[in-house]
Structure formats: structure tokens, C-alpha cells
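Hi everyone, thanks for coming. Please take a look at the structure on the screen, and then I'll walk you through a few parts of it.

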Amino acid sequence: MITLNVNGQSRQVDADADTPLLYVLRDDLALNAAKFGCGLGQCGACTVLVDGHPIFSCIAPASVLEGRKVTTLEGLGTPDAPGPLHRAFIEEQAAQCGFCIAGMIMRAQALLNTNKEPTEAVIRRHMEPNLCRCGTHIRIIRAVKRAAEYMRNAAASTGSDRT
Amino acid sequence: MRLSLTKILVVVAAVLAVGTGLFLYWAREPALAPITPVQRSAFDPALLRKGAELAAIANCSACHNKHDGQPYAGGRPIETPFGAIFSTNITPDPKTGIGGWSEAAFVRAMREGVSRDGRHLYPAFPYDHMAKATDNDIRAVYAFIMTREPAHITTPPNDLHFPLNIRVLIAGWKLLFLDRGAFRPDPSKTAELNRGAYLVEGLAHCGACHTPRNLLGAEKLDQAYAGGTSDGWIAPALNASSPAAVPWTADRLHAYLRDSDRVRGVAAGPMSDVVRNLAQVPDADVHAISAYVAAIAGAPSPERREIAERATVRAQGKAKATSSSDGTGGPGAAIYAGACAQCHGETGRHPALPAVNLALSSALRTAEPDNAVRIVRGGIRSPHGQGEPLMPGFRDVLSDEQIIALLGYLRAHFTDLPPWTGISESVRRAKQGDSAMRTDQEAETKA
């Protein structure tokens, strides 16, 4: 049994110690946002956050992540209450086929966790490990900027960044 | 008795004062007059092209550059046992770079380690090797450097411990360790080996990292190429004590330096800059370098060949299961199976990403695990560009304990060498190294 903290909930799965986190998320927990792209940590479709840092879940054994905080796309909002990155990606129509988008959003979330107003150069450098075969990069970059703006506005209206 | 002691002290003090005075007088170097920066049109295009190749061989851009900085604008800290030395701006900016340097000033810096203004330069700048280059080659490098984009960037001051922050002492270092003699070819060797020797001992300055250094920071010439360090990485021995599973040949070195055979080995850490730069260099020179370096180790001894045979058999161990259920037990095996075997596994090596066969990996065979720890934590980037991650780093996936377990497993499973004892120390050193780098990168990310 492996105990994982996923999106704030404690989940128990019956998996071998070497099972990649991606398989556990998709096959055992029905969290299907993260995608299997290359299975080699080269494309980023499987990106999720561990303690706020982006990782490739296809090459991260689930058993090593006990006690760590795993966040997937499902943890950032729901269809009824989408998060800032969800909204921005929809409004910018940043998805073509959409296969890479969950990974893109998770990597972008990691950036926006630490940088409230990233420049385009910083966004480009940060997003570089994630590939998009359709070529919607320009819209993805716009969406990340828009999401940063939503987050800044939300913080300003609640005053939470003045602490 | 008391009186004579005082007398002795006075005499000693006087001798010291006169000696210091004489030393200071002897160590003085004149400032050379500044020039107005040379126009590009002043240089012969053929000389510029040659200079570009030689500057690539000399790997100038690796140190005279900081992470994502403007090429040749310097600012990168070089950590030494004596403190940090910051690489200088060698772009032709007249104020903050070397735009005001005449060719004579540049030649003097390369041969004698003296700045245009007469200050002695620290031997972190490997003028002990540069001095072996011919005048014509130094002139070509000058032409290349003086035609780069000027950058008006002041680099940080050095952070050296007293008394090493007193530059005049470097004159004493040079007296002890700087051989100003020109390179002399060995007539009994082939032209290719002599060309390789000229480049390796000179501009390429391989020994600056691959030769151990003494307490005063000079290369131990009686232990040439016995292995050293570079930026926290182990620069493995290139002589007969090389940790390589299978001894290097000229052909294999050429493939490694050209990044053309990643199954047999791929450059990581500071060596990645070398390979990136060598891509600009004519193939004949890379062949010459490879031939000379292979000759340093010489023909493998019978013991060496036996080690190679055992490693090769291990590398072909297709039958060996590598899942957590294979009986080797421990968390290391499961981590290997879940995180490494997708690319490195004996059965599952992916044709699109043929990763190094770990049974042939030098990083698992060095006496200390530092390179293996750094590769597992930080990954390996393609020497040639941003868009190719090659091997992702696992520092955000694996805890220190998990990395220690994994490294213990890899050493036991892929080599027949005794277990490493200092893995946790090595992890601590690697974390110190990347916390410095992360601060650097985060400062830029926030910029």
C-alpha cells in the first residue's frame, strides 16, 4: 500500500513500489488530466507538482512520494469553479489538440507560485521543457500572462499579498 | 644578551624590508598604453575564422560568461580553495572590457598573466597553458575577441581570503610554477600527435581540470592528468588510472567530444561547455586532441583489459531483472526501476533516446560519487541547446535519503567496485553547489 497526498486528500493505492506516479494517478485515482506522452521525461505532458515543483510523473515512482504534496490539474479548480490558469487557457483558446495542456498549466502554476509578474522571456525559459506539437506556444504564453494578471487582481482585492 | 637580540631583530627586520622592497621592485609590471578599440575591418577574415576556432578550443566562453549572460562578458564565479574569483569581461568594451587592449597587451596577458594596466592576473585564468600557444595563434584569438559584441558590464570584485587578495604575491607564484617556454614538438611522434599535444597542453588547457593541484593551486606536474576537479565536479583521470569501464580509444574520445555516440558516453557538468565549443572546431583538430589524450593513458594493461571485459559482460546482462522484486531488495532497486530503467534499463532502452549503459558509466566508477549525485539531481542537458533535456534531473522528486539509496544500488548493481562510503557528504556538497546556482537563476527569473 502506498499512501499519497494528492490535491490535499490522503489517498491509498495498492501499487508496486516502482509504479510511476502517472499510472497511479490515471489508473488508480481516475485523475486523467496528466497525460502519457513519451514516458521518458522528455515531453512534459505528464507534468504535475510535488511540493510546488514541476516533475515528470511518468518517471517518478509513486512510492518515493509518500509524505509529499502532489498537485494535479484537478487540484487547481473544477469545471464549475475553474482556477485562474484554467480560465486564462480557455479564454486565450490556448489548446489545439489539448494533449500537452494539462502539463503546460501545471508547469505554469509552478512559475506563478513564486513569480507574480513574469516577463515573456522568463515564461519562455520556464516553459521550455514542455513540448506542444500543434504549435500553440504563442497562445500558451498569452494565457500564462493573463493568468498572472488574474492572480494579481485576486490578491489585490483580498489584500492577501500585503501580509 | 638582550642587546644582541634587539640587534638581531633589527637586522632581520631590515633584511625583510629590503627583501620586500626588492621583491616589489622585481614584481612590477608596466602598464601598457590603452588604444582606441580596433575596428572589425582591421582584421583579416581568415585570421578571424582561425581565432574563432582557437577560442572554441580554449573554451573561453565557458568561464568568461555567466548563466544566460552575454557571451564573453564574464561575471561567473570560479570557486577556488582560496575564495571566489569572478571571470572578467573580455568583450571589446573600452571601459569594462578589454577594448583598450593592444595586441601586445593581449599577448602579454596570455603568456605572462599580466593585465594591460600591469596588475598580475590570478592563475584561475590558465595562462600557464595559454603560454604554450604560438604568437600567430594568440593574435588570431585577439582578432576574434576584439570583434565580439561589446558589453558594458562591470564584473563583481573577487572574494579572496587574505593574503591572497594581494596581487603582487602572484609574481612569486609565477616564479615557482609558470613555465614560459614555448611548446616543443617531439620529432619522434606523428604530426597528429604533436598537433594534439600542442592543443591539449596549450589552448585547450585540459590539465587545468584533469590534473590535481598542490596547496598553492598549481598543477602537480608529476601527476599530470591523474584527475582533478572542476566547479564541484570530478574531472576524471585521463592517464592509466582513468575510472572508465572500458579504456578510452582515440575513436571513442572523438565520438564523445563530438557528441555523436550517446550510448557510450555523454558529456555532463563543465565538460558540456567543452563539447559545445568543440562543435565549432575542424574535425582534424578534434581527432588530434583525441589521439593525444588516448596516448596519455597508453595501451591498456592486462588488468585493465580484464576490468573492461567484466564491465562489457555486465553491460550485456540482458537477462538481469531490474524490478523491485528481483531479490536485491531495498528502496534503491525500486527507484531505479521506476525512475531510471525507462531509458537506462537493459530491456527497455528506447530507440529514440538511447541512454548510457550504466555498466559502462564512468560516473559510477569514480572513487567518490560526486558526478553521479550531480547527474541524478540535476540531469544532463544537451551541450548544443536549450530544446533538448536529454536526462531530466530528479532533485524535486527524490529526497536525499532516496538519492543515497539509489546511488548505493547503482554502484552495487552496475559495477563490481566497493560501495561508496561518502554519498551523503557528496549530496550535501551538490546541494551547496546548486543553491548558489539557483540563487543566480532565481534572481534572473524574477528580473
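Let's start with a term: two strands pair if DSSP finds at least two bridges between them. Helices (H or I, at least four residues) and strands (E, at least two) are themselves DSSP runs, numbered from the N terminus. This is a predicted model, where local features need pLDDT of at least 70 and side-chain atom pairs count only at pLDDT 80 or more, while totals for chains, interfaces and linings use all residues; side-chain values use heavy atoms, with hydrogens and water left out. Residues are numbered from 1 along each chain as its sequence is written, and chains are lettered from A and ligands numbered from 1 in the order in which they are written.

Now, chain A. Here 5 strands make an open, mixed sheet in the order β2-β1-β5-β3-β4. β2 (9-13) and β4 (53-56) of chain A stand at the edges with a single partner strand each, so one side of each has no neighbour in the sheet. Inside the sheet, β1 (residues 2-6) and β5 (residues 69-71) of chain A pair in the parallel sense over 2 bridges. In β5(A), Lys69(A) is the bridge partner of Asn5(A).

In the loop between β3 and β4 of chain A you'll find Asp51(A). Its phi is near 50°, a positive value in a residue other than glycine.

On to chain B. The axes of helix α8 (residues 191-201) and helix α12 (residues 283-297) of chain B come within 7 Å and cross at roughly 85°. That makes α8(B) roughly perpendicular to α12(B). Axes are lines fitted to C-alpha atoms, for helices over the stretch in contact, and angles run from 0 to 180 degrees between N-to-C directions. Angles of 65 to 115 degrees count as roughly perpendicular, under 35 as roughly parallel, over 145 as roughly antiparallel, and the rest as oblique.

Among the buried residues of α12(B) are Ile289(B) and Tyr292(B). The buried residues of α12(B) pack against α2 (45-57), α8, α10 (250-257) and α11 (271-278) of chain B, where contact means heavy atoms within 4.5 Å.

Last stop: a cis peptide bond joins Phe162(B) and Pro163(B), with omega about 0°. Pro163(B) sits in the loop between β3 (159-160) and α7 (169-177) of chain B.

Definitions and conventions
Buried < 20%, exposed > 50% of the residue type's maximum accessible area, 1.4 Å probe, protein only.
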